[in-house]
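Please look at the sequence and the coordinates before reading on.

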Amino acid sequence: MVINRTLRYGRIVVSVVAFTAATSGLACYGMLWPRVAAWMESIQLIPATLTLSLTTFVIWLVVTLLFGRIYCSSVCPLGTMQDIIARLRRCGRHDSSKDYHYSPPLNRWRYGSLLIVLGSLMSGWLLYIPALLSPWSAYERIAVNCMRPVVGEGINAFSELGEFMSLWHTPPVTVAIASALGAVVAVVTLIGIGVLAARNGRTFCNTLCPAGSLLSFVSNYAVFKIDIDTDKCIQCRRCEHVCKSACINLTDHVVDGSRCVNCFDCINVCPNDAIRYTTRRKQLSIPMMQQTTTSLTMTSENETIS
């Protein structure tokens, strides 16, 4: 359907623009689009929370209550980075071993990490924990320590092409890396989140990310949700195989709204239009696999006769 494609491509466009704006500000020495990059940081959930920006915090809660975890799917640069890595691994010829599959929620991990972060902030000590788990801080470390040196060396290599490029001249990689410890943490973060994304999609977002855990409480009650029409579903499992959040349970025909990041991939692969982004909650028109009063009575009579 046109609306399904519009939702998906619209989400992709917004996420690419947001990712580019954030990366250009963090990874480029010349601070390309500095105001846009600064604005991107100001609208991130965890930085807004840390700076007591109540307006931004409330806006994201309201948006999530209405539309689900739009923040995670489009505005968070770390989420987009995970999508890019997961997509690269699945490019080319289809391999069923790379399909996603439903997995139960790891509530102890995601709510435990959220409690640890909140406890650290309230106590005023171990503040490196929120900085370590915050999606914006994690991506900032990756961009500054892993991407910026590469960008700088690339600019140095072509600096002789003209006066404009010479303005972007940057120091060597060894000087560009501000801290060896920061570089190690950034590389470990990139490898850890990258491996999780390549194998299982948005695992980090639904296990350790404090922003994702916080928004999951609200998104479970969102007005607009991904819902399965059980009368139309033919159990082809295509939606499950593209769900990077592993939150589509086709055994019970339920989509876990607390983990869904609203990528809209699932609604575009269904051949029977059985899964939609809607305010409605479809119920079975003909109950399946449920014992009725009559069937229970007949079973009891048969057992008595035997």
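What volume does the largest pocket have? The largest pocket has a volume of about 740 Å³, where a pocket is, on a 1 Å grid over the protein atoms alone, an open set of points with protein on both sides within 12 Å along at least five of seven lines, and a lining residue has an atom within 4 Å of a point. The volume itself is the space filled by probe spheres set on the grid points, which are joined across faces, edges and corners.

The model is predicted, with local features requiring pLDDT of at least 70 and side-chain atom pairs counting only at pLDDT 80 or more, whereas totals for chains, interfaces and linings use all residues. Residues are numbered from 1 along each chain as its sequence is written, and side-chain values use heavy atoms, with hydrogens and water left out.

**Pocket and cavities**

Of the 25 residues lining the largest pocket, Arg-8, Arg-87, Arg-90, Lys-244 and Asp-265 are the closest to its centre. Two or more lining residues come from each of α1 (2-27), α6 (77-89), α14 (238-242) and α15 (266-269), and α1 provides the largest share, six residues. Here helices are DSSP runs (H or I, at least four residues) numbered from the N terminus. By class, the pocket lining holds eight nonpolar, six polar and 11 charged residues, with Ala, Val, Leu, Ile, Met, Phe, Trp, Tyr, Cys and Pro counted as nonpolar, Asp, Glu, Lys and Arg as charged, and the others, Gly among them, as polar.

A cavity is a set of grid points where a 1.4 Å probe fits but cannot get out, and the count comes to four cavities of 30 Å³ or more. The largest cavity holds about 90 Å³ of space; of its 13 lining residues, those closest to the centre are Cys-233, Cys-236, Cys-239, Cys-270 and Ala-274. Its lining is made up of 10 nonpolar, one polar and two charged residues.

**Helix packing**

Two packed helices are described by the angle between their axes and the distance between the axes. The axes are lines fitted to C-alpha atoms over the stretch in contact, and the angles run from 0 to 180 degrees between N-to-C directions.

| Helix pair | Angle | Axis distance |
|---|---|---|
| α7 (107-123) and α13 (210-219) | about 110° | 9 Å |
| α6 and α12 (180-200) | about 55° | 8 Å |
| α4 (54-67) and α13 | roughly 50° | within 8 Å |

Angles under 35 degrees count as roughly parallel, over 145 as roughly antiparallel, 65 to 115 as roughly perpendicular and the rest as oblique. At their angle, α7 and α13 are therefore roughly perpendicular to each other, while α6 and α12 are therefore oblique.

α7 passes α13 in a left-handed crossing, meaning that the near helix is turned anticlockwise from the far one by less than a right angle, with clockwise giving a right-handed crossing. In α7, Arg-110, Tyr-111, Ser-113, Leu-114 and Val-117 meet Pro-210, Ser-213, Leu-214, Ser-216 and Phe-217 of α13, contact meaning heavy atoms within 4.5 Å.

The crossing of α6 and α12 is right-handed. Among the residues that make this contact are Leu-78, Met-81 and Ile-85 of α6 and Leu-190, Ile-193 and Gly-194 of α12.

α4 also passes α13, in a right-handed crossing, where Phe-57, Trp-60, Leu-61, Thr-64 and Leu-65 of α4 meet Leu-214, Leu-215, Val-218 and Ser-219 of α13. That contact divides into seven nonpolar, two polar and no charged residues.
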